[in-house]
Amino acid sequence: MGSQEKPTILFIHGAWHIPLHYRSLIDGLRKRGYTVLAPSLVTTGYDDSIDGKTHLDATSQVRELLVPYLDQDRKVVIAAHSYGGMVATQTAFGLTLKERAAQGLRGGVIGLVYIAALVAPEHGRPPSGTRIPFPEGWTDENKRPMPEGTARALLFDDVDESRVDEALRMLVWQSEVSSDPDPLNAVSEVQAVKKYVVCTKDKIVAPEKQYQRAAAAGAEVAELDCGHSPFLLEKETGMLMDIIEGVACT
């Protein structure tokens, strides 16, 4: 990688989402001169191919995409939203710049930005003995949809209605076992700069839990005064770009 070349950004989306939900953020980073990778995770989709897929399958998928870039001596910042945080942590482990240099390898992950993110699989599971019900009439127990009313109330509550309609149309299904099995590595073990973006008005990932996860990760905290989807808000999208760029310039 040339001395003036900017790091690559790897963006990992959340559950039920697709990369297109994050179009404003991804396009904005590209306009700032960054190469952005944004794969669609194998745990998320519209057909039976997602059945039985776990965060380990998604991690293998993302690492397969990432390693060739690292082998080209690229420095990479991983940014992840919500469920994507679990995949980001497992993806980065063993592939940081420090760890690869110790193996005589070029390139590596230099930082992670967690956006209202889960940092371990247990965070995505209901409490022991509790089962989150499927919407009425839903019979396929291999994958779970996101009901429109739930999405409006928990994901997009502070988003302009014109953008909510589009975001709802793009939501897909999520593998029912996305959060299984237990993690292979703890987030605190990842040897890279970590930033955690707390969304202080989040209604699906409680802000107090976000602060706890940031502490568990050993991450510096940034706060956005919004709900779970800052990438659908103009001002907050700009702030996210600044945060990610700040890690990239570390």
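Q: What makes Thr89 count as buried or exposed?
A: Its relative accessible area is 0%. Buried means under 20% relative accessible area, exposed over 50%, and partly exposed in between (1.4 Å probe, protein chains only). Thr89 is therefore buried.

Q: What kind of model is this, and how are its residues numbered?
A: The model is predicted: local features need pLDDT of at least 70, side-chain atom pairs count only at pLDDT 80 or more, and totals for chains, interfaces and linings use all residues. Residues are numbered from 1 along each chain as its sequence is written, and side-chain values use heavy atoms, leaving out hydrogens and water.

Q: Where is Thr89, and which residues does Thr89 touch?
A: Thr89 sits in helix H3. Helices (H or I, at least four residues) and strands (E, at least two) are DSSP runs, numbered from the N terminus. Not counting residues up to four places away in sequence, Thr89 touches Leu112, Tyr114, Val119, Asn185, Ala186, Val187 and Val190. Contact means heavy atoms within 4.5 Å.

Q: Why are H2 and H3 called oblique to each other?
A: Helix H2 (residues 55-71) and helix H3 (residues 84-92) pack at about 55°, with axes 9 Å apart. Axes are lines fitted to C-alpha atoms, for helices over the stretch in contact, and angles run from 0 to 180 degrees between N-to-C directions. Angles under 35 degrees count as roughly parallel, over 145 as roughly antiparallel, 65 to 115 as roughly perpendicular and the rest as oblique. H2 and H3 are therefore oblique.

Q: Which residues of H2 and H3 make the contact?
A: H2 brings His55, Ala58, Thr59, Val62, Arg63 and Leu66, while H3 brings Val87, Gln90 and Thr91. By class, that gives four nonpolar, four polar and one charged residues. Here Ala, Val, Leu, Ile, Met, Phe, Trp, Tyr, Cys and Pro count as nonpolar, Asp, Glu, Lys and Arg as charged, and the others, Gly among them, as polar.

Q: What makes H5 oblique to H6?
A: Helix H5 (residues 148-155) and helix H6 (residues 161-170) pack at an angle of about 130°, with their axes 11 Å apart. That makes H5 oblique to H6. Glu148, Ala151 and Arg152 of H5 meet Glu161, Val164, Asp165 and Leu168 of H6. This contact has three nonpolar, no polar and four charged residues.

Q: How many helices, strands and buried residues does the protein chain have?
A: The protein chain has eight helices and nine strands. Of its 250 residues, 51% count as buried.
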